[in-house]
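Here is a walk through one structure, written for someone who would rather look at the parts than read tables. Have the viewer open as you go.

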Amino acid sequence: MNKLLRTTVALAALALAMPALADDAKPLAGQSITVLLPSGQSPNIASDFEKETGIKVDLQMLSWDDIRPKLITGLIAGTPPADVTEFDWSWTGQFGAAGWYEDLTPLIDAESIKDMPTASIFTVDGKLLGVPYANDFRILIANKDHLAKAGITKMPTTIDELIADAKLIKEKGIAEYPLGVPLSPSEGTSTLWYLMTFAFGGDLFDKDWKPLFTSPDSGGYKALQFYVDMLKAGLIDPASTGLKDSDVHQMFMDGKVTFDLGVGPGWVGAFEDKTKSKIAGSTTLGLVPTESGKTVSYGLPEALGIPAASEKKEAALAFVKWMTSKDEQIKLAAEQGLLATRTSAFEELNKQGKILDGDVVIEQAGTVGPLFKQGTPTWYPQFSSAVNNAINQAAKGEISVADAMKSIADETAKAQQQ
Amino acid sequence: MSLSAVLPARRSREKGIDGTADALLGLLLAAPIVIAMVALVLFPVASTLWDSLHRVNPMQAGTPFIGLQHYQDLLKDPIVNEAWRNTFIYVVICVVLETAGGIGAALLINQAGRWRRFVLAAVILPWALPGVVNAVVWQWIYNPAFGLLNGLLVAAGLDFEKYVWFNDRTVALFAVSLVHVWRMLPLTAVIVLAALQSIPADLYEAARIDGASRPKMFTNITLPLIRGGVAIAMTQSTVAAFNFFDEAWILTGSSRGTRPILVQVYLEAFQNLHFSYGMALSVLVMFASLAVSLVYVLRVQRVTRLD
Amino acid sequence: MELRLSQRILLGIGFTVLILWSIGPIYWAIATSLTPTPDLMSQPIHFFPQRLTAYHYERLAGFGYIASNDVTVALQFRNALVNSIITSVLATVISVFLATLGGYAFARLTFPGRTVIFFVVIATIAIPGYTVLIPLYRIMIGAKLLDTYTGVTLIYLSAFLPLALWLMRSVFQQLPLSIEEAARIDGAGRLTILFRIVMPLAAPGLVAASIITFLGAWGQYMVPLIFSPNKTKPLTVLIPEFSTKNFVDYGLINAGGTIAMIVPILIVIFLNRYLVSGLTAGSVK
């Protein structure tokens, strides 16, 4: 980035971060805050922010799986684990009920919230608990080379087309198991099943939180039946019962999988990185195929939250505003492949041609809704764990599809009572 | 540090009245340990015990006293019971394999002659490595497609191409245990080896003159004389298998079929946020573990007294 | 005792199995760390790397070809290595020092509560980490010791002191009383006896206790994850970070893991004699 542009970005970000204090450029200079984020963040975040605001950032990174135990330990002990922390969509119900995070509604301008459609996912009882900084929603990613070799010219839009394409690719020996589906007892297994439930025209719960997946003609039931059938047909690797979503992405990057189903546009950066991926240059995106042909998706965004116990809320807020500003979002998209949460930043990036198959991504983004219409429930972890354990067992052939659905429903009912 | 400043002044008194001086010095020397353990272990344990008698759930207001409610619920919780069952299976598999393997390894090392040092170092290695690194290494070994284990079995002409080790519950329990056994077997081997070496050689000599066969010597001399060591090693294995966590968590995540009790504690407290419920379970684990250790400590004391 | 040929062969097979079982997995980790990433995903697998590369190690060390964010990787790695060494050494020195004083007291001096205190301290070995995690965290926050060497060292101390104490006590118990009695008759005080006479005799035991404590601290994961989030973060917490939400860097993980294994491997190779005596001292005698 040239110097002029860098300065412009810096000034713009500053203007955004401190609208109320425009006359004094660095009112919080000298303060220092801690920020806890998952590993893989751009190394420039702390220095760039300090340059612009004079606030020192102690950026702590932990692997994704380790973030939550670290956060909970601090929050239960009644102390801030950091002044700004990662806030995943799936934590909204629990963290909201616990009242652990600052309500940001009065602190973030309405304009910005309107620019970030996923902000609604982090809103509990009218309180905004996190400002989304990394977008993620489900989309279909495929290996262009595999499709070309099989003579397939368009991405599948229905489940039947997907199956037909996969069969063709397997028959021609292009990929032994064309469909990439994680089936181990892990979160990625659950999140893909939710998507497939929608793809088969179903939903997870009704408005009274009663399960909608137990009858054989429900979306959830059909989704699991689809897995079992595809395993039998040899289109899904039987070893998937031991694979997490990241393992499936790895197989996609090794050219062993044609369709990566449980994935979002945020992974494109890694897939197209020559140092990581053998198939760089062959990634193509399509809309999530469904039974009816009308695509669906849902969002799994990540946000930045400020623990209510933090003692440096002003400086923390400045950081949240800075990192979620339009210019920083554009910059982070280039530096770490972050998927912008602001519609304006997203459109800008697409205009610059920075987003692979940008039109598809924007079309899919338009169909993104929340996973739970009433907001993420407090018993989400038990539900998710019941889902991935049941799917794993059904995929291994230990229990039937009907029993798997029943066990999810039973576990959920139990968790709801607690 | 402040200790050395205080002590020389006392020395003259020490020599005079021996008993009291010894007692004072003893208390003084033990004091840092007592302070550290009370502040950093016993007080936290007491605090957790207290919490477990309350409903501490960050998602619900207040922390009412509920007595033993959590403990009653835990006994009826089917998922908790399943985790207990898995833990008992782990304990049985690990103790059996570690004891049998450890005795075997110790007997071999005892025969190693000039290679002894090398063999012993090789055998101890797995125990010395960081547990997390072990689990990650084994995860790669068990990988269905690119793992060493399936590679070896296929090379040996067996049908293990892409075999998934964690698909079948029984196999998975064994596969996860094996990683733990790999790490803990050295301890049993070393303890048994020390016991083996304390057997006087002339006992075997005498038996040989009497015309006893090797298997006979093993059952009549070796086994009875290493029994004390084996028992201690077994108790140690039991405590370690009770506190099984890393291997299961990294290899099979939260899978219910292989979930040990400590993973259940983690899930209740940190994932489901039923904080005090999870803490109550951890207290139960603590008591179970203490009960086993008590057997260990008592046995050590008995063995010590025999000397 | 002369062995028959068949017995020799049997013994040979036994040794081969034992060595392969113990070293095989370690070999595999090192081989993986030296294999170029694309070769890792090949079938059938190769038992010996077809091509060797130091690429993963170069990235950790920060020289050679450097991708954009490798400077940070190398910096983080160096800090983590230094932190692992500092915290492990601190924990070892302090634990063993206190255990030596305490071990002598519990072995040789009679004072009220001696047996009870000793067994209570030893019994804490059986307490699972999760039982004390949250209260301990509150204490550390209150004392402002989070992410400090002092804080982590204190926690390691509470975890490893009991074992070291047990070991040192049994080491002292095994020393002959006569030397100390002779010194006492010569008018030496208790502490002179401890530092001048008993300690040198107990040196192998001291080394053993140090090794066991050091290895224990070196391999810790859960404690530093919670209590050393940043400035004092050790290798064991850093290594899993090479798997981000989007990409698992098996090369870096194995290379980092191999380096984390080197220190224990060196200790076992060079100090095994002491280690073995230490592992058995507490249990057999």
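Predicted model: local features only at pLDDT ≥ 70, side-chain atom pairs only at ≥ 80, totals over all residues.

To see the pairing residue by residue, look at A:Glu86, whose bridge partner in S12(A) is A:Leu304.

## A closer look at A:Ala303

Strand S12 of chain A covers residues 302-305, and A:Ala303 sits in it. Is A:Ala303 buried or exposed? The cut-off for buried is 20 or more other C-beta atoms within 10 Å. A:Ala303 has 28 of them within 10 Å, so it counts as buried.

Leaving out residues up to four places away in sequence, A:Ala303 touches A:Phe87, A:Phe122, A:Gly130, A:Val131, A:Pro132 and A:Tyr133. For a sense of distance, A:Gln352 is 49 residues from A:Ala303 in sequence, and their C-alpha atoms are 25 Å apart in space.

## An enclosed helix in chain A

Now find helix H10 (residues 245-253) of chain A. Eight of its nine residues are buried, so the helix is largely enclosed by the rest of the structure. Those buried residues are A:Asp245, A:Asp247, A:Val248, A:His249, A:Gln250, A:Met251, A:Phe252 and A:Met253.

What covers the buried residues of H10(A)? The cover includes strand S8 (179-180), helix H8 (187-199), strand S9 (259-263) and helix H11 (268-271) of chain A. Just after H10(A), A:Gly255 takes a positive phi of about 80°.

## Where the chains meet

Chains B and C each put 74 residues into their contact. On the chain B side, helix H2 (residues 18-52) gives the most, with 18 residues. Sorted by class, that side of chain B has 57 nonpolar, eleven polar and six charged residues.

Chain B also touches chain A, in a contact that takes 18 residues from chain B and 22 residues from chain A. The side of chain B that touches chain A has nine nonpolar, seven polar and two charged residues.

## Chain C and its domains

Chain C has 13 helices and zero strands. Its C-alpha trace spans about 70 × 70 × 35 Å along the principal axes. Of its 285 residues, 54% are buried. Take the contacts in chain C between residues at least 6 apart in sequence: 72% of these join residues at least 24 apart.

The chain is divided into domain 1 (1-53) and domain 2 (73-284), and the C-alpha centres of these two domains of chain C lie 32 Å apart. Seven residues of domain 1 are in contact with seven residues of domain 2. On the domain 1 side, helix H1 (5-33) and helix H2 (37-40) of chain C are the elements that give two or more residues.

## Chain B and its domains

Chain B is divided too, into domain 1 (2-52) and domain 2 (69-306). Taken over C-alpha atoms, 36 Å separate the centres of these two domains of chain B. Their contact takes four residues from domain 1 and six residues from domain 2. The domain 1 side divides into one nonpolar, two polar and one charged.

## The largest nonpolar core

Which residues touch the most other members of the largest nonpolar core? Of its 309 residues, they are A:Leu140, A:Leu224, A:Phe319, B:Ile124, C:Ile155 and C:Ala164. Helix H8 (residues 169-197) of chain B supplies the largest share of this core, 17 residues.

To follow one of those residues, pick A:Leu224. Leaving aside its neighbours within four places in sequence, A:Leu224 is in contact with A:Trp193, A:Ile391, A:Ala394, A:Val401, A:Ala404 and A:Met405.

Key: Residues numbered from 1 in each chain as written. Chains lettered and ligands numbered in written order. Helix = DSSP H or I, 4+ residues; strand = E, 2+ residues; numbered from the N terminus. Buried ≥ 20, exposed ≤ 12 C-beta atoms within 10 Å, placed from the backbone. Contact = placed C-beta atoms within 7 Å. Nonpolar A, V, L, I, M, F, W, Y, C, P; charged D, E, K, R; others polar. Core = buried A, V, L, I, M, F, W, Y, C linked by C-beta atoms within 7 Å. Domains from an automatic or database assignment. Pairing = 2+ DSSP bridges.
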